[in-house]
Amino acid sequence: MAQFDQMYTHALDALKGWPSPHALDFAALPASGVTVVPGMCCALDSTGKLILGVVRCRMPLFAIQGAGSFDVGAGATIAGYGAINPSGKINCLVGTGSYELSTTEFDTTLTYAPNEPLRAGTDGKLTNASVTPVSFTDSPQTSSKAVVGIVSRGKYTNAYGVTALAFWTYFLPGSSAE
Amino acid sequence: MANPMTETRLMNETVLARLESPGMQKQAVDGISDFTRLRMREDGIQRRVMPPLEIGNDDLDRAVNDDRPYKVIDMEPDSPAAVSLPYNSLPSNITINNRRYPVFFERVVSVRFTKDVNALRSYTMDIRQVLSDNAIKDMLAQEDNAFLSCVNTVLVGADQVVPFTGATQWVTLSGGLSRVNWMEGKKVLPRTFAHLETHTVLLNNVTVKEIQKWDRLEAGGDLSQDLLLKGFTYTELDNTRIVVTIKRDLVPDDSVFHFADPKFIGKNFMLEDATMAIKREAFMLDYYAYETLGGAIGNAAGVGRVDHT
């Protein structure tokens, strides 16, 4: 029998900095063919729609909802049916905001040490692969990849038994396409 | 005789004093809804076509993987036609199943207005009316935008077949909005398998002038004279409700939307009606309006559109 996803299977938790009426967030529609799940790192394409991953100067946007969330409602397709509400927009926390976040959408096969920079791949997941500087104690970041966060508490198992990665949001544009 | 400007300024000071109560969120449903229904420039289109039903927590359905509100609606089951059989024959079996669809909810919010309270002291107009009017009007406009976007999506496109019904329900008719074309437009909904009649038509305040052009022969009797002398003041025509809107960006010129009775279209739920949140911290005031609603078109056969070119 197929396993049900729970509401915390894919999640973005704000450990610090949100919610707040003054928090920097941004809502946008996903681009055609793009499936966003909560916790993914996205960016805007040239039409202002969400795509997965961050390269160059694209602003990181961390998705709070996913396409199937009931307040996004992009998942239901039934003959003769149309959803008046909701709008399909996904709300995201902007990468230049002051947050410590915890996401389920990262490369769980790697280890993460505090202060390691993170990038967002084209699958929308965070990883420290290919962004680690020569020495993360006092060397500058030498990779050409865009940096979207800095590891804080690192990888851990949250209260729901799901592996998550805690990091501070931080944006350093990169020069490479991927 | 009392000076009206003095009275208005006094009223503004009273309102300002109430707004300055620290840390209070005001549930403004009664005041806003009564006032707005009387004084809004235009009521919402969706609320006139599909009047909202109030829904509470007890009416909501629960899901395994999402704790956000939603509601599952059953459609009327269809069934194959009856057949005639010779003796010693039994009917075929059909397992009872039914079509359902979800109604999801979302929050609609106005912008958040902020101001230093000192900058409000110089206003002589009724700021409460302006506050509630603008915020509620903006939310209703967003409701209408979502509703008509959904209608257009369900109809697929001009002169395209709607897969659910197998019929074209967004029709282009040349020759303008004549009486003949009005009746041609009324054929759109009955042409589908559902055989629905138009219960409400929606057109904008420019398109309605085409009806006012109908001469005595076209309109029939003194209606033509009345249309000229009194303008279009009718709420019904041809046994059909007429909704005239000023939102020409949503209802284009020469387009007429046709809607069946709301029970044949879908659902429009109001989970939390319009509320004004007002907060003051020291000398900074901010306020915004919000509501929570959910709607869906469950039966594509209940909507239609005619573009009279």
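Predicted model: local features only at pLDDT ≥ 70, side-chain atom pairs only at ≥ 80, totals over all residues.

Q: How do the residues on the side of chain A that touches chain B divide into nonpolar, polar and charged?
A: Across this interface the rule finds 11 residue pairs in polar contact, counting pairs with both residues at pLDDT 80 or more. On the side of chain A that touches chain B, the residues divide into 11 nonpolar, 10 polar and two charged.

Q: What area is buried between chain A and chain B?
A: The size of an interface is often given as the accessible area lost when the parts come together. Here 23 residues of chain A are in contact with 32 residues of chain B, and carbon and sulfur atoms give 59% of the buried area. The area comes to about 2300 Å².

Q: Which residues of chain A lose the most area to chain B?
A: The area buried between the two chains is about 2300 Å². On the side of chain A, three residues together account for 37% of what that side buries. They are A:F70, A:I84 and A:N85.

Q: Which residue in β13(B) is the bridge partner of A:G82?
A: Strand β6 of chain A pairs with β13 of chain B, residues 284–297, in the antiparallel sense over two bridges. Within β13(B), the bridge partner of A:G82 is B:I297.

Q: Is A:E100, which forms a salt bridge with A:R153, buried or exposed?
A: The closest N and O atoms of this pair are 2.8 Å apart, and the pair links strand β8 with strand β11 of chain A, 53 residues apart. A:R153 has 53% relative accessibility and therefore counts as exposed, since the cut-off is over 50%. A:E100 has a relative accessible area of 6%, which is under the 20% limit, so A:E100 is buried.

Q: Where in chain A is A:P86, which a cis peptide bond joins to A:N85?
A: The bond between A:N85 and A:P86 has an omega of about -5°. Another cis peptide bond runs from A:W18 to A:P19, and A:P19 is in the loop between β1 and β2 of chain A. The place of A:P86 is the loop between β6 (82–83) and β7 (90–94).

Q: What is the phi of A:N115, and what is the phi of B:V156?
A: A:N115 is in the loop between β8 and β9 of chain A, whereas B:V156 is in the loop between α4 and β5 of chain B. A:N115 counts as partly exposed at 47% relative accessibility, and B:V156 counts as partly exposed at 44%. Although A:N115 is not a glycine, its phi is positive, at about 80°; B:V156, also not a glycine, has a positive phi of about 75°.

Definitions and conventions
Residues numbered from 1 in each chain as written. Chains lettered and ligands numbered in written order. Heavy atoms only, no water. Helix = DSSP H or I, 4+ residues; strand = E, 2+ residues; numbered from the N terminus. Buried < 20%, exposed > 50% of the residue type's maximum accessible area, 1.4 Å probe, protein only. Contact = heavy atoms within 4.5 Å. Buried area = accessible area lost by both parts, 1.4 Å probe. Polar contact = N/O pair within 3.5 Å; in protein donor to acceptor, adjacent residues only side chain to side chain. Nonpolar A, V, L, I, M, F, W, Y, C, P; charged D, E, K, R; others polar. Pairing = 2+ DSSP bridges. Salt bridge = Lys/Arg side-chain N within 4 Å of Asp/Glu carboxyl O.
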